[in-house]
Amino acid sequence: MKRRGFLLAVCVAASILMRDVSAHPKKLVRKPFRKKQSSGQKKIIKKKSVRQQKPVSNHATLGAPRTSPVKKNIARVHVYKKSHLDCCEEWVEHLTTNGFTVKVSHVDNPSEYSKKLGVPKQLGACHTAVVNGYVIEGHVPAEEIKRLIKTKPAVVGLAVPGMPSGAPGFGSHQAQSYNVILLGKDGHHMLYRHYGA
């Protein structure tokens, strides 16, 4: 009898428990345990999240990187020279490399052109050129031509007399000092620049 009474009590308790669970199911659902964080810990976490953000690339905001502009032609140069002189061809290439547009005319006697353009015989060279109304006689460096057309003096032009090996157009020949002469309209000429060996 005691055993039957015990079993009956267990059955009644079980039925009451099941009835309570069906009426209130949320009571048995356990929430995950979360450790409370202090305000100081929260600030540290926020700082770390900011540091971990990758910086935005400038290319993404500004587009593709700009390429350097193409070098524009500084001026047009018309060269009168003989066809068989390599040094004159090298000088033409020197001008082209330095931004000039060059037109070449092969002539039998370039000295005829230099004479017509006002270059004295003693200051003559192997080729004659014209740029922006100025006469360029011989292997004048491109740097000096640029300075001439920028300052625009009232002169005939520039000359490098003869064929000095240190001037542009003579490649790897032994360097030789030379002068760039400023050709005056009144027949008076002066030193424009000296180049040492």
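This is a predicted model: local features need pLDDT of at least 70, side-chain atom pairs count only at pLDDT 80 or more; totals for chains, interfaces and linings use all residues.
How many disulfides does the structure hold? The count is 0.

A disulfide is a covalent bond between the sulfur atoms of two cysteines. To count here, a pair of cysteine sulfur atoms has to lie within 2.5 Å. For Cys 87, the closest cysteine sulfur belongs to Cys 88, at 4.0 Å, which is too far for a bond. Cys 126 also has its closest cysteine sulfur in Cys 88, here at 3.6 Å, and this too is too far for a bond. Cys 87 is buried, its relative accessible area being 11%. Cys 126 is buried as well, with a value of 9%.

The aromatic rings come next. Searching the whole structure gives 2 aromatic pairs. Tyr 80 and Tyr 113 make up a stacked pair, with 4.4 Å from centre to centre and 15° between the planes. Tyr 80 belongs to strand β1, residues 76–81, while Tyr 113 belongs to helix α5, residues 110–116; the pair therefore ties together parts that are 33 residues apart in sequence. The two partners can also be described by their accessibility. Tyr 80 has a relative accessible area of 17% and is buried, whereas Tyr 113, at 29%, is partly exposed.

Tyr 178 and Tyr 195 also form a pair, and it counts as stacked because the ring centres are 5.0 Å apart and the planes lie at 5°, where planes under 30 degrees apart are required. Tyr 178 is in strand β6 (residues 178–183) and Tyr 195 is in strand β7 (residues 189–195), so this contact ties together parts that are 17 residues apart in sequence. Tyr 178 is buried, with 7% relative accessibility. Tyr 195 is likewise buried, with a relative accessible area of 17%.

Tyr 113, the helix α5 partner in the pair with Tyr 80, has Lys 116 over its face, at 5.8 Å from the ring centre. The face of Tyr 113 is thus described together with its stacking on Tyr 80, for which the planes are 15° apart. Elsewhere, Arg 147 lies over the face of Tyr 192, and the distance to the ring centre is 4.0 Å.

Key: Residues are numbered from 1 along each chain as its sequence is written. Side-chain values use heavy atoms; hydrogens and water are left out. Rings of Phe, Tyr and Trp (its six-membered ring) pair if their centres lie within 6.5 Å; planes under 30 degrees apart count as stacked, over 60 as edge-to-face and the rest as tilted. Helices (H or I, at least four residues) and strands (E, at least two) are DSSP runs, numbered from the N terminus. Buried means under 20% relative accessible area, exposed over 50%, partly exposed in between (1.4 Å probe, protein chains only). A charge sits over a ring if NZ of Lys or CZ of Arg is within 6 Å of the ring centre and within 35 degrees of the ring normal.
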